[in-house]
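Let's learn to read a structure together, one feature at a time. Have a look at the picture before we start.

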Amino acid sequence: MTNTDKPIANASIVLREEFDDWAILFDPDTGKAFGINPVSVFIWKHLDGTNTIDDILRELRINCDNVPEAAKNHIEEFIQDLVDRGYAEYNLAPA
Amino acid sequence: MKVMNSPRSVELAITNQCNLRCRYCSHFSSAGDVDRDLPTDEWLSFFEELNFCRIMNVTLQGGEPFYRDDLPELIEGIVRNRMRFSILSNGTLIDDKIAAFLTATGRCDGVQVSIDGSTASTHDANRGKGSFQQAIAGIECLRKNGVNVSVRVTIHKQNVRDIEAIAKLLLDDLRIPNFSTNAASYMGLCRANAEMVQLTVEERSFAMESMLRLRTKYNGRVNATAGPLYEAECWLRMEKARRARSDGFSEAGYLTACRGFLSQLAIRADGVIVPCIQMPHVELGRINRDDFGMVWRDHPELNRLRERRAVPLSEFEFCQGCEYINYCTGGCPALAYTLTGVDFHPSPDACLKRFLEAGGKLPEEKILDGAKY
């Protein structure tokens, strides 16, 4: 992963925003699902292959209050977790 | 009441047709027994809306789902729209080709096949000649092709003394991982055949004890969310709590038995949206005409049914003087409706007090205590 890589969500994964403060990501190919919080939903919605992690962090700071200093690390960890699960991948920047 | 933006799962009666006419079928002669099936394209359009609503799972039922020639096309539509599916079937129309197709989709959670006897004579008594051999062949076909198979046994007058042999057939001989049970309930065709198929109080008492023993013997591989086994567990705990004068159970004392109105919706074979496949008389709208998400979130009738959970049992004349009231959740709303004509009422079928007054006997508590599951 580099600063120019742009993560993109797997289109077959379903984001279910069940309540204002609770959502799940569901993989219909495995039947597995896991819960995510509103910040994770915000990040997921920006995984369209056009945003770098810095872009997402900037949008997060614009739209949310009290974003912690370590937010970039948290975003990277969350996205890496999604990549490991097969829920997202990196749209590599052209060499 | 806080409600999800959309239900997680939807039950789909994809056809009103069936090759069998089981005497206790809950579908035929109910309000869900409609005069037409939706064409393929209507279902496919609706699956796109279900995708939009982020539905995770659908359960295909009927009638008999395998009766539809376009079943593969419908399933492809479900897969295309990011859902998983399961199927409820009598098992008699399943062949290698369709079983292999189900596996190839990668989205089939399983097929539930009804087996009601250890032999053809018991099974066929209410389902029709030849159906046992066909259903067993259907199960073998599914398993050979790698489809997850579950079995549902409906307990009735003709098989209540056959339960142990049924368990042996399914768990020992066929090596099915587990099976679930219920009972012929006062819905659909069972209403006209009640005396012929429904358990007497004595038979129900026998079924509760023998099924509880089987559950222990097979280490939890026999289970239930309705019928004699479920009642045995619930009612024994209620009796134990009453004797000990324990505090009431969580959510008990109100009409809280069913959480279905908070998690799923159902569609009749003619496309009418209903709260539950067992409550086909409550029409909430029509697919491809009404907004499915809005029906789920805002329909006054559905919200009224959700409010059922706030209705105390103490409000009902039926429950006055009952010592079990703080341990009771009122039973199935659909059965309450078919038995009393109103859904805002406890189900008489789920009433322990009434069962005991009619001469019913609970199993020995030590059987429940000895259950390993």
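Q: Is the crossing in which α2(A) passes α3(A) left-handed or right-handed?

A: A crossing is left-handed if the near helix is turned anticlockwise from the far one by less than a right angle, and right-handed if clockwise. Here α2(A) passes α3(A) in a right-handed crossing. Before we go on, note that this is a predicted model: local features need pLDDT of at least 70, side-chain atom pairs count only at pLDDT 80 or more, and totals for chains, interfaces and linings use all residues. Residues are numbered from 1 along each chain as its sequence is written, while chains are lettered from A and ligands numbered from 1 in the order in which they are written.

Q: At what angle do the axes of helix α2 and helix α3 of chain A cross?

A: Helices (H or I, at least four residues) and strands (E, at least two) are DSSP runs, numbered from the N terminus. Axes are lines fitted to C-alpha atoms, for helices over the stretch in contact, and angles run from 0 to 180 degrees between N-to-C directions. In chain A, the axes of α2 (residues 53-63) and α3 (residues 71-85) come within 10 Å and cross at roughly 125 degrees. That makes α2(A) oblique to α3(A); angles under 35 degrees count as roughly parallel, over 145 as roughly antiparallel, 65 to 115 as roughly perpendicular and the rest as oblique.

Q: Which residues make the contact?

A: Two residues are in contact if their C-beta atoms, placed from the backbone, lie within 7 Å. From α2(A) come A:Ile53, A:Ile56, A:Leu57 and A:Leu60, and from α3(A) come A:Ala71, A:Lys72, A:Ile75, A:Glu76 and A:Ile79.

Q: How do the axes of helix α6 and helix α8 of chain B cross?

A: The axes of α6 (residues 163-173) and α8 (residues 201-217) of chain B come within 10 Å and cross at roughly 30 degrees. That makes α6(B) roughly parallel to α8(B). Their crossing is right-handed.

Q: What is the strand order in the open sheet of chain B?

A: Strands pair if DSSP finds at least two bridges between them. The ten strands run β7-β6-β5-β4-β3-β2-β1-β8-β9-β10, with mixed pairing. The edge strands of chain B are β7 (222-224) and β10 (285-286), each pairing on one side only. Strand β6 (residues 179-183) of chain B runs parallel to β7(B), joined by three bridges, and B:Thr181 stands opposite B:Ala224 in β7(B).

Q: How many residues of chain A are in contact with chain B?

A: Eleven residues of chain A are in contact with eleven residues of chain B. Strand β2 (residues 14-19) of chain A gives the most to its side, with six residues.
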